[in-house]
Every structure is written in C-alpha cells, then in structure tokens.
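Subject: Structure handover

Hello,

I am passing on the structure we talked about, for you to look through. My notes on it follow below.

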Amino acid sequence: MTRRHLSATPSRRTVVKAAAATAVAGSVLAATGARAADGPAFLHGVASGDPLPDGILLWTRVTPAPDAVPGSGLGADTPVAWEIAEDRDFTRIAARGTAVARAASDHTVKADVRGLRPATAYWFRFSAGSTVLSPVGRTRTAPAAGAAVPGIRFGVVSCANWEAGWFSPYRHLAARADLDAVLHLGDYIYEYASGSYPTQDTVVRPHAPLHEIRTLADYRLRHATYKTDTDLQALHAAHPVIAIWDDHEFANDAWSGGAENHTPGTEGSWAARVAAAKQAYFEWMPVRASTEGTVYRRLSFGGLAELHLLDLRSFRSEQASIGNGAVDDPERSITGRAQLDWLKAGLTASDARWKLVGTSVMISPVAFGALPAHLLAPLAELLGLPGEGLAVNVDQWDGYTDDRKELISHLRDHAVTDTVFLTGDIHMAWANDVPVRAATYPLSASAATEFVVTSVTSDNLDDILRAAPGTVSVVAATAVRAANRHVKWIDMDSHGYGVLDVTAERSQMDYYVVSDKTSREATASWVRSYRTRSGTQRIERADAPVR
C-alpha cells in the first residue's frame, strides 16, 4: 500500500460449535501474559494455517527464559511436544509429535501434521518441559478433494497497523464459530518507525522496535509484538489462517529490486532486507513456504472452491511513472512470467465451481475522473498518486496492464467462469465487476468479479482528512463510481472485515465495520452485502448477510 509523505453474529453451524469457539477465545485470553519466572513459556499464542483435506500446519513460539526475547538470539534450544485431538479435553488424540524450538529460528515451532480426517474440527496444544502447556487452539481441515460441499465460509482481512488502532476486527472474527478459515490478504505488519504512519499525534500504541525495521532481529521483534495482541492471539487460536504478504511485510511499494521506502545507500542492500523479512515471516506465520520461498500456492475446498493465492511483490517490475506509457509495456510484470503461467494453468484446469484468487492489490481498473481539489489531494495521498490529477494507481494491476489483459483474455478465451478476486491493500471496501473493456462497460462483458475488504486499522480517507465518516467521502465515492461504472460500491471511511460465504449458487461478501478503531471494546456491525451468482460474472447487492 502506497504511503508517501503522509499527514495527518450470525451462525450457520450448530450451537455446540458456537460454544466451542467461545471457549477457545476465552482460553487464549486467560493464558495470555502467563510468564514463567525462569523456565519456558508460551507468550505469543498458538496458530494454525493452510488447511488440507488430511492436514494442518500448527505454529507456536517458545520463550525458553525471560531474556530470550524475539530477535535477541538468546535462549537455549528447547524440546517441544505437540498434540492434536478430536475433543477439547484431549481424550481422543489424533496425532502427536515433537520438535525443537531453536534459537536459529527465533524459537518458533511449526508442525505440518498429516493423516487427519477431512472437514473435521480439531483441538491442538504444545508443551515444553513436564508441566508448561500452551494455550489451546481449535482448527479445521479442508473438505476432501472433489467432495460435494454445501458451503464454505471465510473471514477476510487486511492492513493491520499496530500503531493506528486496536485489532477488534480480529476479536469479532475469533468469536464466530461458522468460519472454515480466515484469509489475510497482506500487510499483516507494518515496517515504519514509530510516529511515521500514522503521525505521532494519532498513535494509539507504540510498536517495537521504535525504529524502522530493516534487520532480521527487527522483523522478528515486530512480528512478535503483533502476536502479543490478545485479539490477534484469539483469532489464530480460533481459526486456521491463510495468509499472503503485501509490501509492508517488507517495505512500502516493494518490487523485485527495491522499494519506495528503502534507500540502498543508507539502509543496506535490498536483497539482504528482503531475505531477513522473508525469514522472519516464515518463522512467525502459520504459512507453508511455496515455490522459491514465496507465498503463491493453491488450496482446495472440495469440489466447491479452489483458492489461488498470489505473491505480487517478489517478482514484479518497478512501478512505472504515470503518464509515460510504461504501464502498458508488455515487458513489465506484476506477477512474473512463471507465476502468471501458473495461475492461468490452474484456473483452466480447476474442476471447482468457484475459482477464488487471493490478490494483495486491486485488479479492477480505476480512473478517478475530475474529483474536487479538496478531495483529490487526500485521496491521492492515500493511494500514493500525484495530486495534480491521476488516471491509475501504478502499484495496483493498473500499473501493469499487459498482465491484466493477458489474464482476462485467458479467462474469456478458455471459458473460465465464476472467478472471484479477493483483495485488500487500499483501506477501503469495494465491490466490482472486472470488465473486459472498462471504457465500454456495461456494454462490454465482465470477465470476473472482485471483493475488496477495508483495513483492520490502517488510515483511510476520513482518518487522513480527520472528517466525520459519510461526509466528504460521499462526494469522492460518487465521483469515482461515475467514472468507473463497473464499481458497484465503495466505502472510503470504515475499518473492519469481510465474511465470504460460498455456495454452488453464489459467492457473497458480507461487509462488517467496527465502531471505533481506537477503542479496545469496539463493536462490530453489518453494513453491506454483495454477491455474484454462478455463471453471471456480475456483482449485485444482497439485502442481508448470510445467516
């Protein structure tokens, strides 16, 4: 997400499962902060991720001694046992094993458990020594390959800036018992120095370290700081998380050879910084490393849905300057050739009804038209665009039009239907058709649809303007929609999360907002729902969230 010179519940499952999720959240909150005086402790919670029909990835971090803080390199290698069971009391053990929390991996532990039953809820925990137990987590495996699945439901989040607010959207998702997993679409952490973004006068809580993170120790400590948040711990303990990264896991506007927020002369080499950031990410996140140590990969959910997850930072060309035609250069790429070919082949070969694509930046084209000057400047600031006028956001797919054209042509030429892009990054909620030719839409066809979720806490339009929600943003949203008829809805003000419900007949995104990102006790409420019916490749409004 570009940042330059910034100023200022319903359930479809059973009551038993609802009670189980509440118990998970409660056990995590009770265990948080429990610290051994001189022995091992689990201070950063537990997590699971990347569900398979027969397996799940489990994660934790052991603090072997009080001085073994993340990134310090201190502390002895510590044996750890793990177990996963079919019940909360661990009387029906499904699998168990051991691992070693090593200083070389910042005392993080992963267990890639296989041999489990599909579409099944499990409970898991870790232990160190004879008496120290971790908090208990609950997870769920994916449906069997090709299985008839009545529905899949995901929480969807992105853009959680520690200093900008409290993570109450995570708390509200943790309390739900009807989710199969939570998708995190990038900007899980932010790299900035304290008070850089947001500005110092709006910092809700200072992060650690206070300086901009650049080294392996820095990235480790920043990840660890996030995982002391009780709402984030509750989310990870309640649901498997499926995550991809965006730029702030590295540095603002990252590309394959650098970043807007990286100066090689004073901040070292970009390659070294990226290597440190990726190492810390894979240590601290419940994510399986994929091809070439990136996060692009596929996960399947029976015959209903296949999830294609993208890495749009590791292989992209440098962002173009607006106005010089470089955005249309076929030699430039946002995906890299290998990843684009992988995505196209996977979409064509998929037997699933729905092809879901997790993308960290918006694929729908956006022209901003003639916004009033008092709105153009802050919106350009939010999106990292020139204040004198703009046509595209070059950090999104708009800056790499040849890749987008190739992908959309592929969908059309191979009759790939029911493709839904799931997106984060821009701190606003959108519901879009993805047109074949935006200039002639709606006369031209729509090749796919896109649901964009807003930020958990990161600043959006009303935060930058320090304006009341639903005031100046209404003018901006109206102007954007007038210039982009494929955009069905924008919310430029709110913070929150989405819940994506998928059935054979339709995919629906329910958008939820929180009352106040600066309040630990923020409430959540439903605000809008949009859906795409199977076979239509079009967005339409739904009257209510899925129950």
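The model contains an open sheet of seven strands, in the order 14-15-16-17-19-18-20 and with mixed pairing. Strand 14 (297-301) and strand 20 (487-491) are at the edges; each has a single partner strand, so one side of each is left without a neighbour in the sheet. On average, neighbouring strands of this sheet are turned by 20 degrees against each other, direction ignored. Please keep in mind that this is a predicted model.

Within the sheet, strand 16 (residues 354-359) pairs with strand 17 (residues 419-423) in the parallel sense, over five bridges. Opposite Leu356 stands Val420 in strand 17.

- Helix 7 (residues 337-349) touches strand 14, strand 15 (305-309) and strand 16. The direction of helix 7 makes about 175 degrees with that of strand 15.
- Helix 11 (residues 472-483) touches strand 18 (429-435) and strand 20. The direction of helix 11 makes about 160 degrees with that of strand 20.

The last item is a loop residue. Ser444 lies between strand 18 and strand 19 (446-452), in the loop there. Is Ser444 buried or exposed? Its relative accessible area is 4%, which is under the 20% cut-off, so Ser444 counts as buried. Leaving aside neighbours within four places in sequence, Ser444 is in contact with Arg437 and Arg538. A polar atom of the Ser444 side chain lies 2.8 Å from the backbone oxygen of Arg437.

Regards

Technical notes:
Residues are numbered from 1 along each chain as its sequence is written. This is a predicted model: local features need pLDDT of at least 70, side-chain atom pairs count only at pLDDT 80 or more; totals for chains, interfaces and linings use all residues. Side-chain values use heavy atoms; hydrogens and water are left out. Two strands pair if DSSP finds at least two bridges between them. Helices (H or I, at least four residues) and strands (E, at least two) are DSSP runs, numbered from the N terminus. Axes are lines fitted to C-alpha atoms, for helices over the stretch in contact, and angles run from 0 to 180 degrees between N-to-C directions. Contact means heavy atoms within 4.5 Å. Buried means under 20% relative accessible area, exposed over 50%, partly exposed in between (1.4 Å probe, protein chains only). A polar contact is a pair of N or O atoms within 3.5 Å; within protein, one must be able to donate a hydrogen and the other to accept it, and residues adjacent in sequence count only if both atoms are side-chain atoms.
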